[in-house]
Amino acid sequence: MDTLRTDRLLLRPVGAADGPFVVKGLNDLAVARWLAVVPYPYAAADFDDFLGGLAPAGQVWAIEEAGDFRGIVSIAAGKLGYWLMPDAQGRGLMTEAARAVLQAWFASGADSAQSGYFAGNAPSARVLAKLGFRETARDQVFCRPLGQVLPHVAMHLPRAAFAAAG
């Protein structure tokens, strides 16, 4: 699962050359506000920490479209996470990237995956619904970039629901 390909995308291990793009993307509050654990502001040292141990190959991928960095997608301990640069949003790229990651995840023998989104993040809710995720709970999660607890929707995806979603 080191490298994955879709019709439009290359999903590859995150590398040092991605640093400036990740720093730029995660310093945009329109992106960071929907993520629970990333620091904000996001510094080059934060990326170095991420690259040094938080982004293992086979669990975290840089998303490329036509050679351009578009975002990050991950599945670690069965939890799907992702974000896209603002200029890449709204074109179905994340659904395509996440579908490829989940296909590999389920092909490895996994029975289910988890994810979630902060209430109000309609684009993320649509991505997860298209992939077959279903709501399991509403809770409160700390959003580090905003420094506050926010309403959160927990989601679950059994293997059969993913297969049915196509």
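Begin by selecting Ala 66, which sits in the loop between strand 3 (60-65) and strand 4; helices (H or I, at least four residues) and strands (E, at least two) are DSSP runs, numbered from the N terminus. The model on the screen is predicted, so local features need pLDDT of at least 70 and side-chain atom pairs count only at pLDDT 80 or more, while totals for chains, interfaces and linings use all residues. Residues are numbered from 1 along each chain as its sequence is written, and side-chain values use heavy atoms, with hydrogens and water left out.

Is Ala 66 buried or exposed? Ala 66 is exposed, with a relative accessible area of 76%; buried means under 20% relative accessible area, exposed over 50%, and partly exposed in between (1.4 Å probe, protein chains only). The phi of Ala 66 is near 50 degrees, a positive value in a residue other than glycine. Most residues other than glycine have a negative phi, and most peptide bonds are trans.

Next, select Ala 77, in the loop between strand 4 and strand 5. Its phi, near 55 degrees, is again positive in a residue other than glycine. Ala 77 counts as exposed, at 83% relative accessibility.

**A cis peptide bond**

Move to the loop between helix 2 and helix 3, where Pro 41 is found. A cis peptide bond joins Tyr 40 to Pro 41, with omega at about 0 degrees.

**Asp 18 and helix 1**

Now select Asp 18, in the loop between strand 2 (9-13) and helix 1. Asp 18 has a relative accessible area of 3% and is therefore buried. Leaving aside residues up to four places away in sequence, Asp 18 touches Arg 12, Pro 13, Phe 47, Ala 62 and Phe 69; contact means heavy atoms within 4.5 Å.

Continue into helix 1 (residues 19-26), where Gly 19, Val 22, Val 23, Gly 25 and Leu 26 are buried. Viewed down the axis of helix 1, these buried residues fall within an arc of 165 degrees, so they line one face of the helix. The arc is that of the directions from the helix axis to the C-beta atoms. Turn to the other side of helix 1 to find Pro 20 and Lys 24, which are exposed.

**Helix 5**

Select residues 122-131, which form helix 5. Which residues of helix 5 are buried? They are Ser 124, Val 127, Leu 128 and Leu 131. These residues cover an arc of only 90 degrees around the axis, which puts them on the same side of helix 5. An α-helix has 3.6 residues a turn, so residues three or four places apart point the same way. To see the partners of the buried residues of helix 5, show strand 5, helix 4, strand 6, strand 8 (148-158) and helix 6 (159-165), against which they pack. Just after helix 5, Gly 132 takes a positive phi of about 100 degrees.

**The end of helix 4**

Ala 107 lies in helix 4. With a relative accessible area of 69%, Ala 107 is exposed.

**The largest pocket**

Select Trp 34, Leu 35, Gly 81, Tyr 82 and Trp 83, which are the closest to the centre of the largest pocket among the 47 residues that line it. The volume of this pocket is about 1,400 Å³. On a 1 Å grid over the protein atoms alone, a pocket is an open set of points where a 1.4 Å probe fits, with protein on both sides within 12 Å along at least five of seven lines; lining residues have an atom within 4 Å of a point. Grid points are joined across faces, edges and corners, and a volume is the space filled by probe spheres set on the points. Strand 5 gives the largest share of the lining, six residues.

**The whole chain**

Finally, display everything: the chain has six helices and eight strands. The C-alpha atoms fill a box of roughly 40 × 35 × 30 Å, taken along the principal axes. Of the 166 residues in the chain, 46% are buried. Residues 24 or more positions apart account for 60% of the contacts with a separation of 6 or more.
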